[in-house]
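Q: Please take a close look at a single part of this protein, with attention to what surrounds it.

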Amino acid sequence: MSTTKRILCLANSKKMSGRCVAGREVLNAGPGPWIRPVSARQAEEVSEDERQYQDGSDPQVLDIIDVPLIRHQPHACQTENWLLDPGYYWAKVRQVGWAELQGYIENPPTLWTNISSTYHGTNDEIPQSVADVLPTSLVLIHVANLVLKVFAPGAAFGNSKRRVMAEFQHRGVPYALWVTDPIIERTYKTQADGTYALDESCLCISLGEPFQKQSGEWFRYKLVATIIQRNSAQP
């Protein structure tokens, strides 16, 4: 038997062959807990059919959505996971603007723990043994500005695949994290390699799936799942 949760969509980012959708529950008393609808597949990514509205359209960030769910299904640090009910459409209630979004912003002392960085990143990786006991894997923060870098991180090794990285500070600490926001990726990959300055924005940061390095060690990575720019959102 399914239950319906009303959430403010704060992420619809790339994950495997589908998407990672997540948001905070909308309650009469104010913002509720984070909810990440997941599928029954091994990687739990959400397919296009599973997340669509009745008219066939895809949920957008800042939509308030009624999502049919079966049960709470936490896994390691991804305590926000709920198994979705694939037998029902999702339903859009309305969309929020920048002003209403500010009520959902969080201001944690740090983005989980800053103990390790990759070659290109800064404070972007956490050993899986440390990450898996964290109580959350999602957060929405506000930044006064950020820089996007478009480049091919593996170019020196013959890999020309380009990626987008976000550089910003949170409470005085620098971060450089890969971006999985499909709209931002699509927009900036059409432009030349280089750096692009963005103004005031809200960022949904997520801890991704475990990844094994060539050394055999396992890590989870902090990802920028969504970039919501003030100048592109409704007031």
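Which element gives the most to the lining of the second largest pocket, and with how many residues?

A: In this predicted model, the element in question is β15, which contributes 5 residues to the lining of the second largest pocket. The space in this pocket amounts to about 430 Å³. Its lining comprises 24 residues, and those closest to the centre are Gln60, Val61, Asp181, Ile183 and Ile227. Besides β15, the elements that supply two or more residues here are β1 and α4. Sorted by class, the lining of the second largest pocket holds 12 nonpolar, 8 polar and 4 charged residues.

The strand β15, spanning 218-229, also takes part in the lining of the largest pocket, where at least two residues come from each of β1 (3-15), β11 (173-179), α4 (182-189), β13 (201-207) and β15. The volume of the largest pocket is about 1200 Å³. Of its 35 lining residues, Arg163, Trp178, Phe211, Tyr221 and Leu223 are the closest to the centre. The class counts for the lining of the largest pocket are 13 nonpolar, 11 polar and 11 charged residues.

A further point concerns the backbone. Most residues other than glycine have a negative phi. Leu62, however, has a positive phi, near 85°, and is located in the loop between α1 (48-51) and β4 (63-72). Leu62 has a relative accessible area of 7% and is therefore buried, the cut-off being under 20%.

Notes: Residues numbered from 1 in each chain as written. Predicted model: local features only at pLDDT ≥ 70, side-chain atom pairs only at ≥ 80, totals over all residues. Heavy atoms only, no water. 1 Å grid on protein atoms, 1.4 Å probe; cavity = no way out; pocket = protein on both sides within 12 Å on 5 of 7 lines; lining within 4 Å. Points joined across faces, edges and corners; volume = space filled by probe spheres on them. Helix = DSSP H or I, 4+ residues; strand = E, 2+ residues; numbered from the N terminus. Nonpolar A, V, L, I, M, F, W, Y, C, P; charged D, E, K, R; others polar. Buried < 20%, exposed > 50% of the residue type's maximum accessible area, 1.4 Å probe, protein only.
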